[in-house]
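Keep the sequence and the 3D view at hand.

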Amino acid sequence: MTKTAKLILENGTFEFPVIEGTEQEKAVDISKLRAQTGYVTLDNGYMNTGACTSNITFLDGEKGILKYRGIPIEVLAEKSTFMEVAYLLINGKLPNEKQFLEFRNGINDVSKVPDGIINIIKQFPKDAHPMGVLSAAMVGLSAFYPEYLDADLTPEKKVKVINQLIAQMRIICAAFYRHSIGKNPVKSDTKLSYCADFMHLMFDKGNIDPAVAQALDILLILHADHEQNCSSTTVRVVGSSQANPFASISAGIDALWGPLHGGANQAVLEMLEAIHQDGGDFKKFLARAKDKNDTFRLMGFGHRVYKNFDPRAKIIKKACDTVLDKLGVDDPLLEIAKGLEAEALKDPYFVERKLYPNVDFYSGIIYRALGIPTNMFTVMFALGRLPGWLAQWKELIESDAMKIARPRQIYTGDVNSEYVDIKKRK
Ligand code: SDX
């Protein structure tokens, strides 16, 4: 017997199905609301609106739970690798050895990007923000691979384009970084792990410290997916028009760039550096974050869904100490971050609003210890989130329920306006 929700309106009483997910989340299915009642819903920022059903990631903001395909993030961060997690997200289960080898070979088979893309990257100013370059280069790939522009890709083509995007994004990120420091790109070394090869592509080092590769694996695992966040929603919206995967991923990169989303990790480091320059007095910055007349926000704090703690922040904070210790890095910004967090968690303003450190609060400190420049931090977020975007895009285009995204609105503008000749306008 399907449970229903009753809606009493001026023009009648209506019932709509209630659906329940495998983690006991409940939703009122309003897909027939307008047809039956003439009403639409209004939900600024989609804070209460489910855009889809999905089998990929589950998170519980109150309990601080995050699972990829049912596996807790804590277990994956401890036992898995970024490439294995990428396979899990995209294909729905952990790979056996044969499947994993095929996946890795599929990615390693694409160990370069077209010279045209490298030439485009080299045309950008050295001080350009890497996210703009990444977005342009990723959608630029569509010009070189027309075979993936079809609306309904075959299963083989979907596998190939997913492998290709995972392989080529890493190369593009590193190529622009090297251009920004006046150096040419280096060739991918497919004997290395994905993360070790990325560090090789960035810094042209053969022997990558295993501690560095492991730290990067953990960070990219923690960033790999996060259900219907702003950038994943963007990937789905663009993909819902049957735009190609290059366009969908490029749009996701653009959404992630914002300081309220993935751009926060760069903003956190800039905030910590400002506090450091200012003598380390983080209480002044807390006061600014609480001041309604000041647009400053405590970057890396707060979350739309996590109203208790972000499980990823807990893991990264712990990893900070381990990685900096292993690398012999003593970063004063880590102590400032810890002091800021401790102070904020005692402050009624943050406690009442359930504002806790999120994934972006500590991640930049590790990236900095790995030698990655601050303006590349959001690119690192994109690199980690790519498998999640691809998994969401694949789930969308394979869904029988897929429809082009087209929300409604409530019009509040002028009614029956007249056209007045320009000579008579005030
Ligand atoms: C990510 O969605 C995802 O899953 C995202 C992400 C992922 O993996 O994809 O987890 C990654 O984007 C993490 C978030 C990174 N952004 C930041 O760290 C930027 C700083 N944080 C905020 O701007 C804010 O907390 C958001 C954007 C993250 C969430 O904003 P909401 O849910 O829209 O909440 P809100 O802006 O309505 O804030 C509620 C109240 C407001 O105060 P009041 O009007 O009630 O008095 O809390 C205040 C806000 O002013 N507030 C903050 C604050 N965050 C919220 N005040 C000071 N500093 C902050 N950081």
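Domain bounds here come from an automatic or database domain assignment. The model is a predicted one.

Q: Which residues does isoleucine 166 contact, leaving aside neighbours within four places in sequence?
A: Ile166 is among the residues with the most contacts inside the largest core. Beyond four places in sequence, its partners are Met83, Ile90, Phe103, Ile107, Tyr194, Leu386 and Leu390.

Q: Where does the second largest pocket lie, and why?
A: The pocket holds about 320 Å³ of space. Both domain 2 (66-255 + 377-397) and domain 3 (264-369) give residues to its lining. The second largest pocket therefore lies between domain 2 and domain 3.

Q: Which helix supplies the largest share of the lining of the second largest pocket?
A: The lining has 14 residues, and Ala77, Ile218, Ile315, Lys318 and Ala319 lie nearest the pocket centre. Helix H2 (73-79), helix H9 (210-223) and helix H14 (311-327) each supply at least two lining residues. The largest share, 7 residues, comes from H14.

Q: How many residues of that pocket lining are nonpolar, polar and charged?
A: The second largest pocket is lined by 14 residues. They divide into 7 nonpolar, 2 polar and 5 charged.

Q: Is threonine 37 buried or exposed?
A: Threonine 37 sits in helix H1 (residues 33-37). Not counting residues up to four places away in sequence, threonine 37 touches Leu9, Asn11, Phe14 and Phe16. Its relative accessibility is 6%, and buried means under 20%, so threonine 37 is buried.

Q: Is aspartate 60 buried or exposed?
A: Aspartate 60 is in strand E4. It touches Ile65 and Tyr306, not counting residues up to four places away in sequence. At 16% relative accessibility, aspartate 60 counts as buried.

Q: What separates the C-alpha atoms of phenylalanine 350 and leucine 298?
A: Phenylalanine 350 lies in helix H16 (residues 348-352). At 2% relative accessibility, phenylalanine 350 counts as buried. Leu298 is one of the residues phenylalanine 350 touches, not counting residues up to four places away in sequence. The two are 52 residues apart along the chain, and their C-alpha atoms are separated by 9.8 Å.

Q: What is phi of tyrosine 46?
A: Most residues other than glycine have a negative phi. Tyrosine 46 lies in the loop between H1 and strand E4 (57-60). It is exposed, with a relative accessible area of 53%. Tyrosine 46 is not a glycine, yet its phi is positive, about 55 degrees.

Q: What is phi of glutamine 242?
A: Glutamine 242 lies in the loop between helix H10 (230-239) and helix H11 (245-256). Its relative accessible area is 48%, and glutamine 242 is partly exposed. Its phi is positive, although the residue is other than glycine: near 70 degrees.

Q: How far apart in space are tyrosine 411 and arginine 288, C-alpha to C-alpha?
A: Tyrosine 411 lies in the segment after helix H18 (377-397). At 54% relative accessibility, tyrosine 411 counts as exposed. Tyrosine 411 and arginine 288 are 123 residues apart in sequence, and their C-alpha separation is 36 Å.

Key:
Residues numbered from 1 in each chain as written. Predicted model: local features only at pLDDT ≥ 70, side-chain atom pairs only at ≥ 80, totals over all residues. Heavy atoms only, no water. Core = buried A, V, L, I, M, F, W, Y, C linked by side-chain atoms within 4.5 Å. Buried < 20%, exposed > 50% of the residue type's maximum accessible area, 1.4 Å probe, protein only. Contact = heavy atoms within 4.5 Å. 1 Å grid on protein atoms, 1.4 Å probe; cavity = no way out; pocket = protein on both sides within 12 Å on 5 of 7 lines; lining within 4 Å. Points joined across faces, edges and corners; volume = space filled by probe spheres on them. Helix = DSSP H or I, 4+ residues; strand = E, 2+ residues; numbered from the N terminus. Nonpolar A, V, L, I, M, F, W, Y, C, P; charged D, E, K, R; others polar.
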